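Hello,

Here is the structure I promised to pass on. My notes on the sheet and the cores follow below it.

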Amino acid sequence: MKILFFSAKPYDRQFFDRYNRDHDFQIEYLETHLGPHIVNAVGDDVGAVCVFVNDKVNAGVIAVLAAKGVKIIALRCAGFNNVDLEAARWHGMRVCRVPEYSPQAVAEHAAAMILTLNRKTHKSYNRVREQNFSLNGLLGFNLFGRTVGVIGTGKIGAAFCRIMLGFGCKVFAYDLAINEELREAGVSYVPLDELLRGSDIISLHCPLNEKTHYLINEKTIAQMKSGVSLINTSRGGLINTIDVIQALKNKQIAYLGIDVYEQEEKLFFKDLSGSIIEDDTIQRLMSFPNVLVTAHQAFFTEEALSEIARVTLETISALAKNEAPANAAAILI
Ligand code: NAI
């Protein structure tokens, strides 16, 4: 079977080619994202399309794919907000994803962001290369004994809680559901306002939905400790960026680490080093010395990419044979 692979990067090819040795699919890698601009060019020999977070798989695109004979839409990520599932169902297509690839990858990246911002290792790196061995401006604080607030203690939040407990932090958590194992490990579940008031560092690990959209806003920021550190590796829309910029300016927020950004679609996963960035908000954020922006790389580890490639190809293989895949949660329809 032929798989047409959209938004392909060199690292995708590396991992999918490796795991395809177990399957022998014919994979054609395209750099372009999937959307209305390209879907008519899909050949009638394609059985499955493989897409990522910024591919647009709306009803119009799905109708064309179905007419071309495509049977499977495989998301090589966990989220599926960019696929119109109802349209796919209507056309009798199967849709799958990778529900969990490496919670530790994201949790460890959140921890790396805290340490980078706090101990300013990104500044030391550049400074020492310039033969500037002075310590002025590099003062940090101990994590040991600090209170870390974790919003969302699912797979990633739980892994993050354990890392912070390992540092000797007091961990406050807020979630709609309580994880008893975490509580036994020493995490204190508290109401959201208590978490906001009592935490030195706040890390977001809940999904983006109508309830969590702009969870971090002028009002909730005002409840936080002055000089709080805020980390977001979850989804950009959890944060009202304009309010956060204001709080950085008035020093209510002392450190901000973000791996996700509400308007990231136009920026992330691209080399724009020769371009003029039109988004003034991200430019303002990047101008702060106490803000660290990474471009949705929290998942980006050897282990996570291996798991993504392995599960995606296994699931496509099972669907193609009309068999149940090993991981039932991989099937959306
Ligand atoms: P999960 O589904 O295991 O956990 C989410 C947790 O959030 C659940 O415990 C749920 O009860 C809780 N939650 C839901 N609504 C809430 C609310 N209103 N307030 C507080 N808690 C709430 O998800 P997982 O795998 O831990 O992923 C978390 C998020 O991380 C994903 O939604 C995704 O946005 C993000 N992510 C980011 C990646 C990156 O590379 N930066 C990679 C993978 C995921």
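Two strands count as paired if DSSP finds at least two bridges between them. Helices (H or I, at least four residues) and strands (E, at least two) are DSSP runs, numbered from the N terminus.

This is a predicted model: local features need pLDDT of at least 70, side-chain atom pairs count only at pLDDT 80 or more, and totals for chains, interfaces and linings use all residues. Residues are numbered from 1 along each chain as its sequence is written, and side-chain values use heavy atoms, with hydrogens and water left out.

**The sheet**

F5 has C50 in β3 as its bridge partner. Strand β1 (residues 2-5) and strand β3 (residues 46-51) pair in the parallel sense over 4 bridges. β1 also runs parallel to β2, joined by 4 bridges. There, F5 stands opposite Y29.

The whole sheet is open and has 5 strands, in the order β2-β1-β3-β4-β5, with parallel pairing. β2 (26-29) and β5 (94-96) are the edge strands, each pairing on one side only. From one strand to the next, the twist averages 20 degrees.

β1, α1 and β2 form a right-handed β-α-β unit. Right-handed means that, with the strands pointing away from the viewer, the path from the first strand over the helix to the second runs clockwise.

α12 lies across β1, β2, β3, β4 (72-75) and β5, at about 160 degrees to β4. Axes are lines fitted to C-alpha atoms, for helices over the stretch in contact (heavy atoms within 4.5 Å). Angles run from 0 to 180 degrees between N-to-C directions.

**The cores**

A nonpolar core is a set of buried Ala, Val, Leu, Ile, Met, Phe, Trp, Tyr and Cys residues joined through side-chain atoms within 4.5 Å. The largest has 47 residues; F16, L34, V49, L65 and I73 have the most contacts inside it. Helix α12 (residues 302-320) gives the most to this core, with 7 residues. A second, separate core has 31 residues, including I221, V228, A247 and L267.

Beyond its neighbours within four places in sequence, L34 contacts F6, V39, V49, V51, D55, K56, V57, V61 and L65.

Best wishes

Conventions
Buried < 20%, exposed > 50% of the residue type's maximum accessible area, 1.4 Å probe, protein only.
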